[in-house]
Amino acid sequence: MKITHIEPMLIALPYDHGAPKPTLSTGAPRTLMDAVYLRVDTDEGITGWGEAFGFGSCPITLEAARIVVAPLAVGRDPTDSATLMSDLHRRLQSMALNGPVRYALSGLDIALWDIAGKIAGQPIHRLLGGDGKRTRLPVYASLLRMQNPDHVARVSAAAASRGYRHIKLHERTIEDVAAARDAVGPDVALMLDTNCHWDVDQAIRMARDLQPYDLTWLEEPVYPADDFDALARIRREGGIPVAAGENLGTLNDLRRMVAAGAVDFVQPDVTKFGGITEMWKAVQFCAGQPVAFEPHSPLYGPGLIATQHIVAAMEADAMCEFYFCDLGASPMGDAINSVDGFMTVPQGPGLGVEVDEQVIDQYRIG
Ligand SMILES: [Mg+2]
């Protein structure tokens, strides 16, 4: 079998999260949920789908897939994915430890697992060695940033009323966290993600002030994301469990983060970290460490489905992350829907999802 074509595409869906739209780093409002998908075609008619981290406001992942990764992968045998991926990582080693080229490789890796499952007639979680016993996955509602305690309270209550038992905020003030805690009561787990907003001293002060709100974790409290010594200090002196990892590129980065005592929760992202192959190595590494693996997955495409398979196959318990919003359409059909805070593990071959190409065509912008 040979790869005949790789088609990277930018998909952008309208959404409603029950509050004004958050702003992008460019300062413009985020009006669409955008993502980069990869469709990998073969000469035997089997197609695989993957996802690479990327946005329409910064379409460089699309170009990395198109210009750098696709020309090296087309013509190669997708069934020997271990050889293909390790060869591509080596050949691109000067630009693929992190960033857009690695994201594009991550998308390719996911698509190769989809193809492998379709050939074997098995869902990816089975290929990973899962016993198939886990059929439902707990999901945490990841709330977009609102920066307004009234909105935070209302949307947190809405998430709890839809059955979510775990809610993550992307806020940065005590007032916003207090509003969420008041709204959901003591029995819903709350997490807080600042997206690297504070310096280390601020983060320690904030962590101490946040203690009464019983946060399950404080995520990426400090800039830059890979300052593991700072994270370790915040963890020691702040008195709240710390989570990080979505901005790591490699397993070696992740090992260094854990060795530094930087985190309680390890959060690599399948669309950035090297795909399912590298994520599964991280799962196995974390199983022998005093940390919990909690994948980063604020996604709605093949990357979220890949994350479902990883969590389904794990020995330890973990959750999937899902942005709390109503999407205008779903390229993955019902596979991304949560009921009472749980998603269903896909059981079909590969990703186990029939990708809706009509939705893709309708919402493709690049
Ligand atoms: Mg985060």
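1. In what order do the four strands of the open sheet stand, and with what pairing? The order is β3-β2-β1-β12, and the pairing is antiparallel, where two strands count as paired if DSSP finds at least two bridges between them. At the edges stand β3 (47-52) and β12 (326-327), each of which pairs on one side only.

2. This is a predicted model, in which local features need pLDDT of at least 70 and side-chain atom pairs count only at pLDDT 80 or more, while totals for chains, interfaces and linings use all residues. Residues are numbered from 1 along each chain as its sequence is written.

3. Strand β1 (residues 3-16) meets β12 in the antiparallel sense over two bridges, and within this part of the sheet Y15 stands opposite L327 in β12.

4. Helix α3 (residues 100-120) lies across β2 (32-42) and β3, and runs at about 150 degrees to β3; the axes are lines fitted to C-alpha atoms, for helices over the stretch in contact, with angles from 0 to 180 degrees between N-to-C directions. In the protein there are 12 helices and 13 strands, taken as DSSP runs (helices H or I, at least four residues; strands E, at least two) and numbered from the N terminus.

5. Of the contacts in the protein with a separation of 6 or more, 72% join residues 24 or more positions apart, a contact being two residues whose C-beta atoms, placed from the backbone, lie within 7 Å.

6. Along the principal axes, the C-alpha atoms of the protein fill a box of roughly 60 × 45 × 40 Å.
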